[in-house]
Amino acid sequence: TVIPVIVSSGVYNINSVIDNGIMAHGMESLGRGKEFLALWGIYNNKYMLLVHVPLAMANSLSSSLIPSLSGAIARKDRKAAIEKTALAIRFAMLIAIPSAVGLTVLSAPVNNLLFRGGNNAEAIRMIGASAVIFLSLSTVTNAILQGLNRMNVPVRNALISLALHVIALYIMLMIFNMGIYSMVFASILFALFMCILNAIAIRNTLGYRQEMVKTFLLPAISAAFMGAAAYGVYRGVTLVIHSNVLGTLLAVLVADVVYGVLLIKLHCIEEDEMYSMPMGRKLTRICRKLHLM
């Protein structure tokens with residue numbers, strides 16, 4: 001049980017080591033070795049940091065449902081297993097999609113707020129925000145497959161995705177000369193390959209068909225309005241007060257409220273589903289007091 005989990009996590013981690021080697025030698029052969037050293041630090045210390053914060057939140061929230069999924073499998077309750085799988089994926093997307101939108105809309109304010117000691121121009125341009133969505137989905141589907149007792153499948157899928165990722169990275173770096181952006185897009189492709197392969201495996205195991213409206217469409221619509229509200233608040237505050245800190249904090253606060261209200265009003269998440277979330281009962285009581293439910 002433990003070894004496949006360790007190997008699967010190891011593939012995720014060795015991915016960056018392999019990428020580092022390919023990028024270092026590739027950029028050196030292209031005569032851009034010094035440029036790589038600077039951009040690699042930005043990639044690891046700024047870009048990946050911002051990506052992993054919402055990723056950790058989405059994964060912890062959805063992974064809390066995995067024990068109940070394993071219980072359903074042990075009871076041979078296929079219907080409950082499908083429901084738990086759908087809920088785990090939806091909870092991950094409820095966090096990952098608005099995080100991706102937020103990192104896109106507020107990339108400059110957030111970078112300037114967190115990294116005040118240097119030039120953030122490259123970090124701002126490097127925000128491949130869709131990585132949050134695909135990395136969250138790939139990690140959660142890994143956990144789902146492990147909960148379904150398909151322990152070796154995520155390892156196999158990770159190795160296949162890693163091989164395709166390395167090929168894509170080499171082509172983008174050496175043929176298209178995309179520099180550090182080769183890393184950004186190759187990492188997104190790695191997660192995307194994992195999502196596709198894991199989805200096929202889950203469908204073959206459970207007969208699960210991915211629901212699209214509540215899981216992807218409604219959160220995306222809510223996140224789009226949230227992003228517009230956040231950008232408008234930030235521009236308005238900074239135009240009047242000229243404070244990046246205050247503008248960013250108020251924009252994030254307004255974004256949270258707008259997104260949460262829209263999720264409930266669009267019936268993206270129902271009351272009984274909210275009970276499955278951490279602090280779900282408390283959130284339900286607050287929503288009732290505000291007449292949102």
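Predicted model: local features only at pLDDT ≥ 70, side-chain atom pairs only at ≥ 80, totals over all residues.
Arg281 sits in helix α13, which covers residues 280-289. Is Arg281 buried or exposed? Its relative accessibility is 54%, and the cut-off for exposed is over 50%, so Arg281 counts as exposed.

Now for a patch of another kind. Over on the nonpolar side of things, we have Ile160, Leu164, Ile167, Tyr170, Ile171, Ile175 and Phe176 forming a surface patch, and together they have about 690 Å² of accessible area. One of them, Tyr170, belongs to helix α8, residues 153-175. Tyr170 has a relative accessible area of 47%, so we call that residue partly exposed. As a reminder, an α-helix has 3.6 residues a turn, so residues three or four places apart point the same way.

Next, helix α9, residues 181-206. Which span should we expect for its 26 residues? At 1.5 Å a residue, α9 should span 38 Å, and the C-alpha atoms at its ends are 37 Å apart, so the two agree.

Last topic, salt bridges. How many do we count? The count comes to one salt bridge. Glu35 and Arg32 bring their side chains together in a salt bridge, with 2.8 Å from N to O. As for Glu35, its relative accessible area is 34%, so Glu35 is partly exposed.

That's my tour, thanks everyone.

Conventions. Residues numbered from 1 in each chain as written. Heavy atoms only, no water. Helix = DSSP H or I, 4+ residues; strand = E, 2+ residues; numbered from the N terminus. Buried < 20%, exposed > 50% of the residue type's maximum accessible area, 1.4 Å probe, protein only. Expected span 1.5 Å × (residues − 1). Salt bridge = Lys/Arg side-chain N within 4 Å of Asp/Glu carboxyl O. Patch = residues over 30% accessible without salt bridge, like charges linked within 9 Å, V, L, I, M, F, W, Y side chains within 5 Å. Areas by Shrake-Rupley, 256 points an atom, 1.4 Å probe, with all protein chains shown as cover.
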